[in-house]
Amino acid sequence: MRALRVVGLHEDGKSIVCEDPASRTRFLLPADERLRAAARGDITRLGQIEIELESQMRPREIQARIRAGESVEQVASSAGVTVQRVERFAYPVLLERSRTAELAQRAHPIREDGPDVQTLGEVVAHSFGQRGHDYSQATWDSWRGDDGKWVVVLSWKAGRSDNRAHWAFAPGAHGGTVQALDENAEVLLNPNAYRAPRTVRALDPAKEPAVQPTLDSVPDESVAKVIDAPIAEPDEDVEPPLPADEPEEVAEPAPRAKGKKNHPIVPSWEDVLLGVRSQRG
């Protein structure tokens, strides 16, 4: 390994001129980050730079992956480079994706009888209004697939769920056309099919009985017996029915105290319950 000596800075201001003392041959050495790290003795930084240089993507490859739908962070992570490096080449492609998403909102959905008069953006905004969603919080994006066709996607949140709908976008006259690619996209294109969900309250078996007793839950036979049971009137001798498992006994009336003359005797509470006719003095 031959040793070189530093002659000076090149006229471009970005390289260092070195010379072989024996042969007087001069060499040009770029004054890049690796040279500065080597001059500082920063071995760790030198290793990081080597990894970055080995995994660097070409600008065209970065743009192709961004156009296919990947984010800047995803490309930078898979390539092992900084986000700033990817952003330099991704910015014009991201603008292209955003512009395509705007154009797709002005396209007309394909129906059975041909393109709809309304645009995709108008139909989706109406569907969001029926469902009570905030259309201003939804985001549009697009990417181009391997077949060269554009796909537009709508993302929104409903409660705790993240939702997406995809359409195939074909640019053309009068705004072009879009066609649904999944179930969410089909539902959004058909607002009349939406039905408001019913409120369902979940029952806790530990706290609530499995069946709530109501009049409808009583057997018809039991209800009939209650209805047909005789009702004791003050002037009728009607005794209440006895249970089937107990022998029938005749209750003797308790002796009553005689009332004073010309004053009616007030029946006792037992007489009222048993339906015994009051005796008058």
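Ile 62, Arg 65 and Ile 66 in helix α3 meet Val 72, Val 75 and Ser 78 in helix α4, where contact means heavy atoms within 4.5 Å. The model is predicted: local features need pLDDT of at least 70, side-chain atom pairs count only at pLDDT 80 or more, and totals for chains, interfaces and linings use all residues. Residues are numbered from 1 along each chain as its sequence is written, and side-chain values use heavy atoms, with hydrogens and water left out.

Helix α3 spans residues 59-67 and helix α4 residues 72-79. Helices (H or I, at least four residues) and strands (E, at least two) are DSSP runs, numbered from the N terminus. The two helices pack at an angle of about 135 degrees, and their axes are 10 Å apart. Axes are lines fitted to C-alpha atoms, for helices over the stretch in contact; angles run from 0 to 180 degrees between N-to-C directions. α3 and α4 are therefore oblique to each other. Angles under 35 degrees count as roughly parallel, over 145 as roughly antiparallel, 65 to 115 as roughly perpendicular and the rest as oblique.

An open sheet of six strands has the order β5-β4-β9-β8-β7-β6. Its pairing is mixed. Two strands pair if DSSP finds at least two bridges between them. The edge strands, β5 (114-115) and β6 (139-144), each pair on one side only. Strands β7 (residues 150-158) and β8 (residues 161-170) run antiparallel and are joined by nine bridges. Ser 155 stands opposite Arg 164 in β8. Helix α5 (residues 83-105) lies across β6, β7, β8 and β9 (177-180). The helix runs at about 110 degrees to β6.

The structure holds three aromatic pairs. Rings of Phe, Tyr and Trp (its six-membered ring) pair if their centres lie within 6.5 Å; planes under 30 degrees apart count as stacked, over 60 as edge-to-face and the rest as tilted. The ring centres of Phe 128 and Tyr 135 are 5.5 Å apart and their planes stand at 75 degrees, so this pair is edge-to-face. Phe 128 and Trp 156 also form an edge-to-face pair, at 5.3 Å centre to centre and 65 degrees between the planes. This pair links distant parts of the chain: Phe 128 lies in helix α6 (residues 120-131) and Trp 156 in strand β7, 28 residues apart. Phe 128, Tyr 135 and Trp 156 form one aromatic cluster.

Both Phe 128 and Trp 156 are buried. Phe 128 has 1% relative accessibility. Tyr 135 is partly exposed, at a relative accessible area of 25%. Buried means under 20% relative accessible area, exposed over 50%, partly exposed in between (1.4 Å probe, protein chains only).
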